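Hi everyone, thanks for making time today. I'd like to talk about charged side chains and how they pair up, so let's bring the structure up on the screen.

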Amino acid sequence: MSKKDKSQDGEKKEKKAKKSEDEQAAAPKLQRLEIIMSQSIEEDFVTAFMKEDTGRMFTKLPVVMGRGVTEPKMGDAVWPQLNCMYIVICTQEQAKVVKSIIKGLHKEYPNEGLACFKSKVKMM
């Protein structure tokens, strides 16, 4: 490969990287929500979540064990209940809607485990 070809190849790569950066800057800022809840309130969460159209990009982990601020949920003879978890990728506006759903469920089920953690996302 000649120096000229290498130079043109390098310029193409730079333009492609710049275009990718510009596209990401123009894209809406995305949030990652990790919502962990007792399986006993999942149906109410999903109903509200789908009604508000906030669930276009999500992953469901149907069986999650652990302990937060309520009793452990381990799925065994001592702690028989289980949690589930949703990982949701959404816009900042959609995250606000999910936050209001979570607040409503906290009021309705004050003794059930329910937590939501938010972080930023960068699409690759």
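Let me begin with a question: is Glu-42 buried or exposed? Keep in mind that this is a predicted model. Glu-42 has a relative accessibility of 13%, so it counts as buried, the cut-off being under 20%.

And Glu-42 has a partner: its side chain meets that of Lys-60 in a salt bridge, at 2.9 Å from N to O. This pair ties together distant parts of the chain, with Glu-42 in helix H2 (residues 42-51) and Lys-60 in strand E2 (residues 58-64), 18 residues apart. Lys-60 itself is partly exposed, at 39% relative accessible area.

How many salt bridges does the structure hold? There are three, so let me walk you through the others.

Next up are Arg-32 and Glu-34, whose side chains form a salt bridge, again given from N to O, at 2.9 Å. Arg-32 is partly exposed with a relative accessible area of 28%, and Glu-34 is partly exposed too, at 24%.

Then please look at helix H3, which covers residues 92-108. Here Glu-93 and Lys-96 sit three residues apart, about one turn of the helix. They form a salt bridge in which the closest N and O atoms are 3.4 Å apart. Are these two residues buried or exposed? Lys-96 is exposed, with 52% relative accessible area, and Glu-93 is exposed as well, at 53%.

How values were computed
Residues are numbered from 1 along each chain as its sequence is written. This is a predicted model: local features need pLDDT of at least 70, side-chain atom pairs count only at pLDDT 80 or more; totals for chains, interfaces and linings use all residues. Side-chain values use heavy atoms; hydrogens and water are left out. A salt bridge is a side-chain nitrogen of Lys or Arg within 4 Å of a carboxyl oxygen of Asp or Glu. Buried means under 20% relative accessible area, exposed over 50%, partly exposed in between (1.4 Å probe, protein chains only). Helices (H or I, at least four residues) and strands (E, at least two) are DSSP runs, numbered from the N terminus.
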